Amino acid sequence: FDLPAGPTLSEVIDREGPLSEVDVMAVVEQVGKALGALHAREMFHQHLSTDVIRRLRPGTYVVEAAGLARPKPALSFLAAGGDVVGTPGFIAPETVDSGEHSK
């Protein structure tokens, strides 16, 4: 499918400066609902940052790159000493060092 149109949250902040309190609350609510929908399906999003949140129009935000979502069983190797999957700069250091992660 087509990627969502609109600038990333990072681009919005770079161009327009800090978000207003209303916009911050909209981002938190809408991103929280998106993550809640994934979690309800026993999935996790591997990488969440201002580079994967897009503003479709003022007040409307979406999380893109859901292809990075993985079912819980597919991530069980993280605590079993297998290969580590993650985006540098966003993965917990203890996961890289020991293969274990914390909440």
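Thr8 is buried, its relative accessible area being 7%, where buried stands for under 20% relative accessible area, exposed for over 50% and partly exposed for what lies in between, with a 1.4 Å probe and protein chains only. Thr8 sits in the segment before helix 1 (9-16); helices (H or I, at least four residues) and strands (E, at least two) are DSSP runs numbered from the N terminus. Not counting residues up to four places away in sequence, Thr8 touches Thr50, Asp51, Ile53 and Arg54, a contact being heavy atoms within 4.5 Å. The model is a predicted one, in which local features need pLDDT of at least 70 and side-chain atom pairs count only at pLDDT 80 or more, while totals for chains, interfaces and linings use all residues. Residues are numbered from 1 along each chain as its sequence is written, and side-chain values use heavy atoms, with hydrogens and water left out.

Leu9, in helix 1, is likewise buried, with a relative accessible area of 4%. Beyond residues up to four places away in sequence, Leu9 touches Leu19, Val27, Thr50, Ile53, Arg54 and Tyr61. The C-alpha atoms of Leu9 and Val27 are separated by 9.1 Å, and these residues are 18 apart along the chain. Leu9 also belongs to the largest nonpolar core, whose 8 residues are Leu9, Ala26, Val27, Val31, Leu35, Leu38, Ile53 and Tyr61. Helix 2 (residues 21-40) gives the most to this core, with 5 residues. A nonpolar core is here a set of buried Ala, Val, Leu, Ile, Met, Phe, Trp, Tyr and Cys residues joined through side-chain atoms within 4.5 Å. In soluble globular proteins, nonpolar side chains tend to be buried together.

In helix 2, the buried residues are Ala26, Val27, Val31, Leu35 and Leu38. Seen down the axis of helix 2, the buried residues fall within an arc of 150 degrees, so they line one face of the helix; the arc is that of the directions from the helix axis to the C-beta atoms. On the other side of helix 2, Glu21, Val22, Met25, Val28, Lys33 and Ala40 are exposed. Glu42, which follows helix 2, has a positive phi, near 60 degrees.

The strands supply the next part of the picture. Strand 2 (residues 53-57) holds Arg55, and strand 2 pairs with strand 3 (residues 60-63) in the antiparallel sense over 4 bridges, where pairing requires that DSSP finds at least two bridges between two strands. Across this pairing, Arg54 stands opposite Val62 and Arg57 stands opposite Thr60. The hairpin of the two strands has 2 residues between them, and Gly59 takes a positive phi near 85 degrees there.

Arg55 itself is buried, with a relative accessible area of 14%. Its side chain is joined to that of Glu16 by a polar contact of 2.8 Å, a term for a pair of N or O atoms within 3.5 Å of which, within protein, one must be able to donate a hydrogen and the other to accept it, residues adjacent in sequence counting only if both atoms are side-chain atoms. Leaving aside neighbours within four places in sequence, Arg55 is in contact with Ala5, Gly6, Pro7, Val12, Glu16, Thr60 and Tyr61.
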